[in-house]
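Dear colleague,

My notes on it come after the sequence and the coordinates.

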Amino acid sequence: MMSGYVGDRAVVLGGSIAGSLAARILADAYREVTVVDRDDLTDRADPRHSAPQGHHIHALLARGQQILDEIFPGFTDELVTLGVPTGDFGTSLTWYFKGTAIKKAETGLTCVAAGRPLLENRIRHRIRRLPHVMLREQTDVLGLVTSPDRRTVTGVRVQGRSRDSAEEVLAADLVVDATGRGTRTPRWLAELGYPQVPEERVKMDLTYTTCHFRGPLPFDPIGDDIALLPVATPAVRRGAIFARMPDRYSLSLTGVLGDRPPTDHEGFLAYAESLPIPEVYKALRAAEPIGPPTSFHFPASIRRRYERQTRHLRGLLVMGDAACVFNPVYGQGMSVAAIQSLVLREHLRQGPPEPRAFFRDLAGAIDGPWDMSAGADLGFPEVQGRRTAKTRLGNAYVTRLQAAAAGDSELSVAFLRAAGLVDPPQALMRPRLISRVLRGSAR
């Protein structure tokens, strides 16, 4: 908890995970914090209209769980009381690469099997209890308001979604854009005369299709564990997440480079049967679905390089998917948003955030997760994106590590700590691990 305030009013655009976490951090530094969102957020635990991907399985990685417990004490215990399955990342999940499972081992990292709508609901429940935070729901953001010289943000123009709502200005000392992949900040900056925001794209052409099933299952390969994860690789391109949720079982099928899992039940099951492990199809072929399968198309991962801009608009920060959209199959989005909230907290401890320094440190927080997910996608030869020698070397090494981890619990733990964003990717290159990978490859 910081002592004293650095400003009077902060406005957060977007009430998603990133926006809610930003609001929690800002509540310690500003006398008033307003979260603006176009949806109705009132105690809902179903997918928001603005987040159709909420119908699909979302992973909260280990580092994300740790941060949520830090800024919302008792958060994981609260989820457990609601019936959310929890376990160890190394023993309650079965990870498959090329159809072979890596060896199970205790990691000490907590896996929380709560869907995104429930996580959003419980986070919003916490921020609603903060005396200085207000949610402006069913409200559209129309644009920024700046000083006459266009160097500083002074507020945002908003309008309620009801017919009789008039446009108004919310004054702000700080505006945080957490509106997600549909962010308009690059366009707003261009209209104000600022340089174009540099971007990196990795075009994966991913589609994932999800169907939920009632339990108990006729055949249950998960048991008291949480999920089976046959991961798509360049050698075996179809992947899935088959998970035990609080009140159902869910299967998300993934297809890359135009391969699209069907949305009819028969086609969905046929796709599941094509996975490199038979347990998923065997479990669900006679299970009762809860509604039809639904699909979500994800064309590309996008990283917006605000730290590379030559000029910055004072009083404007960007976080979450508005800054970097990750391939969702790696489950990084929510956890990286949590990591970014700690970057924001660190800067607020020094006073009002200075955009250039903030975006520099935000880039440092994004580097590791981006290298892991974008780098893995670039292992598929047809994927469009910039490949470096580091990318090629990393992919070759991690493929060997995953194969060696089938018989080596120390490698399993190292991999899961990096994949869970607890350790940086460089930790996988420790001499002791390299030696074990080489010995495992020789075997």
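The notes below cover the helix packing and then the strands.

This is a predicted model, in which local features need pLDDT of at least 70 and side-chain atom pairs count only at pLDDT 80 or more, while totals for chains, interfaces and linings use all residues. Residues are numbered from 1 along each chain as its sequence is written, and side-chain values use heavy atoms, with hydrogens and water left out. Helices (H or I, at least four residues) and strands (E, at least two) are DSSP runs, numbered from the N terminus.

Two packed helices are described by the angle between their axes and the distance between the axes. Axes here are lines fitted to C-alpha atoms, for helices over the stretch in contact, and angles run from 0 to 180 degrees between N-to-C directions.

Helix 1 (residues 17–26) and helix 8 (residues 333–348) have axes that come within 9 Å and cross at roughly 25 degrees. Helix 1 is therefore roughly parallel to helix 8 (angles under 35 degrees count as roughly parallel, over 145 as roughly antiparallel, 65 to 115 as roughly perpendicular and the rest as oblique). The contact (heavy atoms within 4.5 Å) involves Ile17, Ala18, Leu21, Ala22, Ile25 and Leu26 of helix 1, and Met334, Ala337, Ala338, Ser341, Leu344, Arg345 and Leu348 of helix 8.

Helix 8 also meets helix 9 (residues 355–377): their axes come within 10 Å and cross at roughly 150 degrees. Helix 8 is therefore roughly antiparallel to helix 9. On the side of helix 8, the contact is made by Val336, Ile339, Gln340, Val343, Leu344 and His347; helix 9 contributes Ala357, Phe358, Asp361, Leu362, Ala365, Ile366 and Pro369.

Among the strands, an open sheet of eight has the order 5-4-13-14-15-12-16-18, with mixed pairing (two strands pair if DSSP finds at least two bridges between them). Its edge strands, strand 5 (100–101) and strand 18 (324–325), each pair on one side only. Within this sheet, strand 12 (residues 199–213) and strand 16 (residues 294–304) are antiparallel over 10 bridges. Threonine 209 has serine 295 in strand 16 as its bridge partner. Helix 6 (residues 265–273) packs on the sheet and touches strand 12 and strand 15 (249–255).

Strand 1 (residues 7–13) pairs with strand 2 (residues 30–36) in the parallel sense over six bridges. Five of the seven residues of strand 1 are buried (under 20% relative accessible area, with exposed over 50% and partly exposed in between; 1.4 Å probe, protein chains only). Valine 12 stands opposite valine 35 in strand 2.

With kind regards
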